[in-house]
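Dear colleague,

I am passing on to you the structure shown below, together with its sequence.

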Amino acid sequence: MILEPLLIVELAVLGVGTGFLAGLLGIGGGMLMVPFITIILANRGVSADLAVKMAIATSMATIIFTSLSSVRAHHKRGAVRWDIVRRLAPGIVAGSVIGSLGVFALLKGSYLAIFFGVFVSFSATQMFLDKKPKPTRQMPGTGGQLAAGGFIGFLSGLVGAGGGFISVPFMTWCNVAIHNAVATSAALGFPIALANVLGYAISGQTVQNLPEGSLGYIWLPALAVVATCSFLTAPLGARAAHNIPVGKLKRVFASILYLLAAYMLYKGLSS
């Protein structure tokens, strides 16, 4: 599959948008990338089942780069809760490997699309409801955060997202300020992406009819274009996140998630 000029433009626009969202919302951009890369691959003759899987894997691979760019900008503002990162990261790595190396390869792409839609809808609803946590609620202890990290990593591996769609609501539920939650989620995107990408590359080695330039389920040409553009715009999103009111930030987050969840549910149910 050759990267013709129109395809390069499509991927570049996607990279610019997802990079900005990665910095703004701490979601790694995966929630936007998966539906659009699915469309791009399907329009170029890749089967629906394989297109969904490759979109998830390629999306996750770009998060390695966007998370580094985004977290650097958030760290400069002192917004990252590194104490939370240290406690969640080990569980995240373990859960990511289990999800991407084992379960992901066994499930049909249509099931993954439905799974994506359901969990993203749940996360959006939690944001829109904006229920105030009990003032006394705090992040759980080391064991609880290890388990939470495993859950976040596992689900991220199945839907190709950086975990922000779970980790941001989880942290705000535990009375972590929204801007700190977004920044910390961006930092968590790196171990999530690294562990999952390894799993996707290995589990996709025996798959037939992969497009040219693929490494397992990862579509390398798209990764190169999207990652380059998103790396440049992630700091802009991170800067904007600190200048937008909390309520508006949550509504933006939830609205985007609803739209993308609807598309992926349609894709999964119609396959």
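In helix H3, Ile56, Ala57, Met60, Ala61, Ile63, Ile64, Ser67, Leu68, Ser70, Val71 and His74 meet a set of residues in helix H8, namely Val182, Ala183, Ala186, Ala187, Gly189, Phe190, Ile192, Ala193, Leu194, Asn196, Val197 and Tyr200. By class, this contact of H3 with H8 comprises 18 nonpolar and 5 polar residues, and no charged residues. Please note that the model is a predicted one.

H3 spans residues 48–76 and H8 spans residues 178–203; their axes come within 7 Å and cross at roughly 145°. The crossing of the two helices, H3 and H8, is left-handed.

As for the protein as a whole, there are 10 helices and 2 strands, arranged along the sequence in the pattern α-α-α-α-α-α-α-α-β-β-α-α. Of its 271 residues, 56% are buried. The protein exposes about 11,100 Å², of which carbon and sulfur atoms supply 68%. Where contacts link residues at least 6 apart in sequence, 82% of them join residues at least 24 apart.

Ile218 belongs to strand S2, residues 218–219. Because its relative accessible area is 2%, under the 20% cut-off, Ile218 counts as buried. Ile218 and Met54 lie 164 residues apart in sequence, yet their C-alpha atoms are 5.8 Å apart in space.

With kind regards

Conventions: Residues are numbered from 1 along each chain as its sequence is written. This is a predicted model: local features need pLDDT of at least 70, side-chain atom pairs count only at pLDDT 80 or more; totals for chains, interfaces and linings use all residues. Side-chain values use heavy atoms; hydrogens and water are left out. Helices (H or I, at least four residues) and strands (E, at least two) are DSSP runs, numbered from the N terminus. Buried means under 20% relative accessible area, exposed over 50%, partly exposed in between (1.4 Å probe, protein chains only). Contact means heavy atoms within 4.5 Å. Accessible areas come from the Shrake-Rupley method with a 1.4 Å probe; for residues, only the protein chains shown count as cover. Axes are lines fitted to C-alpha atoms, for helices over the stretch in contact, and angles run from 0 to 180 degrees between N-to-C directions. A crossing is left-handed if the near helix is turned anticlockwise from the far one by less than a right angle, and right-handed if clockwise. Ala, Val, Leu, Ile, Met, Phe, Trp, Tyr, Cys and Pro count as nonpolar, Asp, Glu, Lys and Arg as charged, and the others, Gly among them, as polar.
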